[in-house]
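Please find below my notes on the model, arranged as numbered points for discussion.

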Amino acid sequence: MRLTETADVWWKNAIIYCLDIETFFDTDGDGRGDIRGLSQRIDHLAELGVTCLWLMPFYPTPDRDDGYDITDFYGVDSRLGTHGDLVELITLAQDRGIRVIADLVVNHTSDQHPWFQSARSSRQSPYRDWYVWRDEPPADADQGIVFPDQETSLWQYDEQAGQYYLHQFYKHQPDLDIANPEVREEIMRIIGFWLQLGLSGFRVDAVPFLLETKGAVDAANLPDPHDYLRDLRAFMNRRDGQAVLLGEVNLPYKDTRQFFGDEDGDELTMCFDFIGMQKLYLSLARSEPGELIKALRERPDPPEEAHWGTFVRNHDELTLDKLTDEERQEVFTAFGPDEDMQLYGRGLRRRLPPMLGNDLNRIKLVYSLLFSLPGTPVLFYGEEIGMGENLAAEGRNAVRTPMQWTKDANGGFSTADPDKLAGPVVEGDLSPEHVNVADQRRDPDSLLNWIKLLAQTYRECPELSWGKYTILEHESPSVFAQRSDYEGGTVIALHNFSDQRAEVTLAVSGTGVGVQVADLLTGKTTPIDNDGTLRHPVAPYGCCWLRVVHPGDRYIV
């Protein structure tokens, strides 16, 4: 493998781990996690195999939207720590081969941000035009509301300003006017500031909303908003050629592809695969991989040095908005039948293990899929131990519960009284008493050690991250079979979505006498027939990563 493929383009085979500092580890006993606490737990991420840490917002905030309502884009929330603490964290992470990226949330500000406070005070304010104002809301003001249980319009009248302002999210989050050159320049300064402090890029929040200009009075005459994304990428590359922009773009594939830019990839470095994630859950509900296969066949190839970000769960609701009404109901019936488990009628506020009845074999299958599918795997904190949710928490916060380190009080997250914690601890069968890092580190059959194995094996398989993938045809409808080829190496991944044993017969070309496959997850070998045919069993909810080994090959398996 060429060195540039694991260094200069590091995101192609990265393992990304997302966390919220305030729910990870508390060192001062105030019930809220802090940056020093994350620094003390950085070796947990290194042992897991994480190579990129994604920090949810750590900026000063009134905290009405879990930190996504920001009052200072250059600051660090004093409840979490200081700039010095953050630089120390970045240094500790880099010492362990972990890059750090952070949320870039510049579609909107908090209504408490000094910019907005100035803007609303006078039409002569230098910040007035940094937001989108109208004397009257447009006729379609109630269309496209993101939080229908909280908002009835995208426009809010402000008594002090004497006008309506645009807010595509909550009313306490007024939208910045991205069409304003001063706003664009400020966003670049924000990016430059954090790159200078050591970040390796950004997860860009709500990218289609960031580029949306329909609220502007003269929107029809504005330049292509993608031009701005290209400018942003070019600026970032000038500051740090290895920095990334990981975009939250939940659109159909053909529309999402545009956000990568041209064939050279001059816009986003990575885009999350929301369609593949939703089709995965539909396939799990049906116990057969047909819908996932269909999605992967429809998914466009990104530019050569760009990549898709694959994930099982993130920090928001598990959105199912790209499924049909009937398909969404199938997933609801299988994994969230109670209304309290659902959110906005379009998603689930649950984590994977309780959705799958805490069936360890089935859970392991899903994470094997995550690491072997084409794309960069992204983990949400707690997934490595199979954390559940707490439905007593409001809305999306059901899955943003404190990390479970030990079976002690508060899961070892904090010494504070439970009513002072940043969020309620998971209860029941998936409480810290039953699910925690300490116990799973010592259990060779635990989910934690399984994900460590997957991470290590994934990093040893350039075929999975760099190779050309092919979906293989065979006779078993419950088995997903994928082949990845790169520079003479071949890895075949098999995943059985059913609770019944299956067997597949695959045509593996380019073989001959003495060729076999070695399962990279177990070490077992299976011969391939001289005619290039592989017959291989797959256990119920079983998975295999099979490297094709020819006589004389020097692979370590």
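**Notes on helix packing, strand pairing and one buried histidine**

1. Helices H9 and H10 are roughly antiparallel to each other. In this predicted model, the conclusion follows from the packing angle of about 160° between H9 (residues 274-286) and H10 (residues 290-298), because angles over 145 degrees count as roughly antiparallel. The two axes lie 7 Å apart, and H9 passes H10 in a right-handed crossing.

2. As for the residues that make this contact, H9 contributes Ile 275, Gly 276, Lys 279, Leu 280, Leu 282, Ser 283 and Arg 286, while H10 contributes Gly 290, Glu 291, Leu 292 and Ala 295.

3. The crossing of H13 and H15 is right-handed.

4. On the H13 side, the contact with H15 is made by Leu 360, Ile 363, Lys 364, Tyr 367, Ser 368 and Phe 371, and on the H15 side by Leu 447, Trp 450, Ile 451, Leu 454, Ala 455 and Tyr 458. The residues of this contact divide into 10 nonpolar, 1 polar and 1 charged.

5. Strand E22 (residues 543-549) deserves a separate look, as it is mostly covered, with 7 of its 7 residues buried. In a regular strand the side chains alternate between the two faces of the sheet. In E22, Cys 543, Trp 545, Arg 547 and Val 549 point one way, whereas Cys 544, Leu 546 and Val 548 point the other way, and all are buried.

6. Which strands pair with E22, and in what sense? Strand E17 (residues 489-496) pairs with E22 in the antiparallel sense over 5 bridges, and within E22 the residue opposite Leu 494 is Cys 544. Strand E19 (residues 516-519) also pairs with E22 in the antiparallel sense, over 4 bridges, and here Asp 519 stands opposite Leu 546 of E22.

7. Turning to another sheet, 3 strands form an open, antiparallel arrangement in the order E4-E6-E5. Strand E4 (133-134) and strand E5 (155-158) stand at the edges, and each has a single partner strand, so one side of each is left without a neighbour in the sheet. E5 and E6 run antiparallel and are joined by 4 bridges, with Tyr 157 having Tyr 164 as its bridge partner in E6.

8. Leaving aside residues up to four places away in sequence, His 172 touches Arg 64, Asp 65, Asp 69, Thr 109, Ser 110 and Asp 111. The C-alpha atoms of His 172 and Trp 133 are separated by 15 Å, the two residues being 39 residues apart along the chain.

Conventions
Residues are numbered from 1 along each chain as its sequence is written. This is a predicted model: local features need pLDDT of at least 70, side-chain atom pairs count only at pLDDT 80 or more; totals for chains, interfaces and linings use all residues. Side-chain values use heavy atoms; hydrogens and water are left out. Axes are lines fitted to C-alpha atoms, for helices over the stretch in contact, and angles run from 0 to 180 degrees between N-to-C directions. Helices (H or I, at least four residues) and strands (E, at least two) are DSSP runs, numbered from the N terminus. Angles under 35 degrees count as roughly parallel, over 145 as roughly antiparallel, 65 to 115 as roughly perpendicular and the rest as oblique. A crossing is left-handed if the near helix is turned anticlockwise from the far one by less than a right angle, and right-handed if clockwise. Contact means heavy atoms within 4.5 Å. Ala, Val, Leu, Ile, Met, Phe, Trp, Tyr, Cys and Pro count as nonpolar, Asp, Glu, Lys and Arg as charged, and the others, Gly among them, as polar. Buried means under 20% relative accessible area, exposed over 50%, partly exposed in between (1.4 Å probe, protein chains only). Two strands pair if DSSP finds at least two bridges between them.
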